[in-house]
Amino acid sequence: MFVLIESYWETFAKKNGLNSACPEAWAFGDGAEMADNLGALVVNGVKTATCAAHRIHEIEGEAIPQVGEYNIVLDGKNEPLAIIRYTEVELVKMNEVTRDFAREEGEGDLSYEYWYDGHVRFFTWELGQYGIAFTPDLLLVCQRFEVMDVY
């Protein structure tokens, strides 16, 4: 699988005059169905933002994405869907996320309420794997991005 991802990046990088190693490749959510659903929203231009629990970045030793950094979004089979580039990255408490950001996440009916409820469920599950309780002031890494290429 990595060969396919690496080949996709090499083709994109060459076409765009980039001289950099293959960036991080990942899928959204907690499984294949969520990865497929959210990945499709990215490909279709509906989802232009995402967020992650800052605490999970710390626990897993993941670097915070940087503006201008590329990533490859994968589907539920860990195959490439698109290359994105971060346009904005900020740390925001969950209960301070704006309605605009929630809408840019592109999920459900695009309402803040849908976003908040869904993210409470997701972060409760994700943090629970580490024995950490969800709180409304959970610090999030909020990322806006643009799609640079669709596989």
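In the predicted model, the lining of the largest pocket is made up of 18 nonpolar, nine polar and ten charged residues. In total, 37 residues line this pocket, and its volume is about 880 Å³. Two or more lining residues are contributed by each of the elements β1 (25-27), α2 (32-43), β2 (49-53), α3 (54-60) and α5 (112-128). Among these elements, α5 provides the largest share of the lining, with eight residues. The residues that lie nearest the centre of the largest pocket are Phe-28, Gly-29, Cys-51, Phe-122 and Glu-126.

A nonpolar patch was identified on the surface, formed by Val-43, Val-147 and Val-150. Together, these three residues have about 180 Å² of accessible area. Val-150 belongs to strand β5, which covers residues 139-150. The relative accessibility of Val-150 is 41%, so this residue counts as partly exposed, since that class lies between the buried limit of under 20% and the exposed limit of over 50%.

Helix α1 comprises residues 2-15 and includes Phe-2. Phe-2 has a relative accessible area of 55% and is therefore classed as exposed. In sequence, Phe-2 and Glu-79 are separated by 77 residues, whereas in space their C-alpha atoms are 8.7 Å apart.

Terms used
Residues numbered from 1 in each chain as written. Predicted model: local features only at pLDDT ≥ 70, side-chain atom pairs only at ≥ 80, totals over all residues. Heavy atoms only, no water. Patch = residues over 30% accessible without salt bridge, like charges linked within 9 Å, V, L, I, M, F, W, Y side chains within 5 Å. Areas by Shrake-Rupley, 256 points an atom, 1.4 Å probe, with all protein chains shown as cover. Salt bridge = Lys/Arg side-chain N within 4 Å of Asp/Glu carboxyl O. Helix = DSSP H or I, 4+ residues; strand = E, 2+ residues; numbered from the N terminus. Buried < 20%, exposed > 50% of the residue type's maximum accessible area, 1.4 Å probe, protein only. 1 Å grid on protein atoms, 1.4 Å probe; cavity = no way out; pocket = protein on both sides within 12 Å on 5 of 7 lines; lining within 4 Å. Points joined across faces, edges and corners; volume = space filled by probe spheres on them. Nonpolar A, V, L, I, M, F, W, Y, C, P; charged D, E, K, R; others polar.
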